[in-house]
Amino acid sequence: ALLDIYCKEADFVFHLAGVNRPKDPSEFMAGNFGFTSVLLDTLKKHNNTCPVLLSSSIQAALGNPYGQSKKAGEDLLFSYAKETGANVFIYRFPNVFGKWCKPNYNSVVATFCYNIANNLPITVHDPHVVMNLVYIDDVVEELIRALSGQAHQIGDYCHVPTVHTIPLGQIADLIRSFQGCRENKRIPDMGNAFTKKLYATYLSYLPTDGFSYPLQSHEDHRGSFTEVFRTAERGQVSVNISKPHITKGNHWHHTKNEKFLVVSGQGVIRFRKPDDSTVFSWDVSGDMLEVVDIPVGYTHNIENIGDTDMVTLMWASECFDPAYPDTYFLEV
């Protein structure tokens, strides 16, 4: 049998198997305790005292049938360690979330992400319930640390050092906000570790025919201007397309600053201080990618000097607000 072969040759055992939603509660003990017993007996049969890592649960501290079965598996492993001298690593994982988790099963995060991404309803029974969550990539990183003898351990138990504690209602609200990002062009706060991980998880549940979404372009005879991304802390990114021999801009800003990157076509960017007649210019081209800073206090424009459309990627330090545009017309 494969179990025999693996138990004979293994240098390290990751015991991640378990039963969590059986048809009969008796299957909890058979799966979570019974298989652990078989595994350890097989290792002993081959005199293999390699380290064994067990995936347990915070439920092991509770008195429900699932928790009792996980606790029984833990106790069995502790006894095995005393008997054989093998190193054992027992992790009582809280709720694990991340890509590839089965939705509408036993993970509220997977269910919320899948349902919201697919325009299905969710139910929040108590928004104030506090969830303790670990991200799958953090779990894998910790398991690799255990493999190399660097597990995070306090007393008898090991743990994933990064645990995110957040009320269920906030999780639901955050995932709903991800769905709205396509319309408001907002990028979630990637500086927040939990938001970053949850957004990555949400995207993994998008339907395969829903990976893309349209943008609204503002078009006229000069070309087009399209906002792509908006962020609360780091401004916005837009795409500007200029028709041949068209000049855009001729304005300056007090505080808003920008960066221009021509990715296709040929152009020139000109600058002038409002109280000075001296004009500075930069030739720009999609053939040589170069970012040009647009400092405050300089009126500036960008001209397409080629015979094809010029495409410019533009970053602005703040999102455009028509009530406070910080934009003042003045020809260069």
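Phenylalanine 93 is buried, with a relative accessible area of 8%. This value falls under the 20% cut-off, so the residue counts as buried. The model is a predicted one. Phenylalanine 93 belongs to strand 3, which runs over residues 88–93. Leaving aside residues up to four places away in sequence, phenylalanine 93 touches Ser55, Ser56, Ser57, Ile58, Val139, Leu143 and Val160. Asparagine 132 stands 39 residues from phenylalanine 93 in sequence, yet their C-alpha atoms are 9.5 Å apart in space.

Two of the contacts of phenylalanine 93, Val139 and Leu143, are also among the buried residues of helix 5. This helix covers residues 136–147, twelve in number. From first C-alpha to last it reaches 17 Å, close to the 16 Å expected at 1.5 Å a residue. Its buried residues are Asp138, Val139, Glu142, Leu143 and Ala146. They lie on the same side of helix 5, because they cover an arc of only 140° around the axis. Just after the helix, glycine 149 adopts a positive phi of about 80°.

Rolling a probe the size of a water molecule over the atoms shows where empty space is left. The largest pocket has a volume of about 1100 Å³. Its lining comprises 36 residues, and those nearest its centre are Asn20, Tyr66, Pro94, Val96 and Asn106. Two or more lining residues come from each of strand 2 (52–57), helix 3 (65–84), strand 4 (95–97), helix 4 (108–117), strand 5 (130–135) and helix 5. Helix 5 contributes the most, with five residues. By class, the lining holds 20 nonpolar, eleven polar and five charged residues.

The second largest pocket contains about 550 Å³ of space. It is lined by 26 residues, with Phe225, Asn240, His251, Glu258 and Met314 closest to its centre. Strands 9 (217–220), 10 (223–230), 11 (236–242), 12 (247–252), 13 (258–264), 17 (299–304) and 18 (310–316) each supply at least two lining residues. Strand 10 gives the most, with four. The lining of this pocket divides into seven nonpolar, twelve polar and seven charged residues.

Technical notes. Residues numbered from 1 in each chain as written. Predicted model: local features only at pLDDT ≥ 70, side-chain atom pairs only at ≥ 80, totals over all residues. Heavy atoms only, no water. Buried < 20%, exposed > 50% of the residue type's maximum accessible area, 1.4 Å probe, protein only. Contact = heavy atoms within 4.5 Å. Expected span 1.5 Å × (residues − 1). Arc of directions from axis to C-beta. 1 Å grid on protein atoms, 1.4 Å probe; cavity = no way out; pocket = protein on both sides within 12 Å on 5 of 7 lines; lining within 4 Å. Points joined across faces, edges and corners; volume = space filled by probe spheres on them. Nonpolar A, V, L, I, M, F, W, Y, C, P; charged D, E, K, R; others polar.
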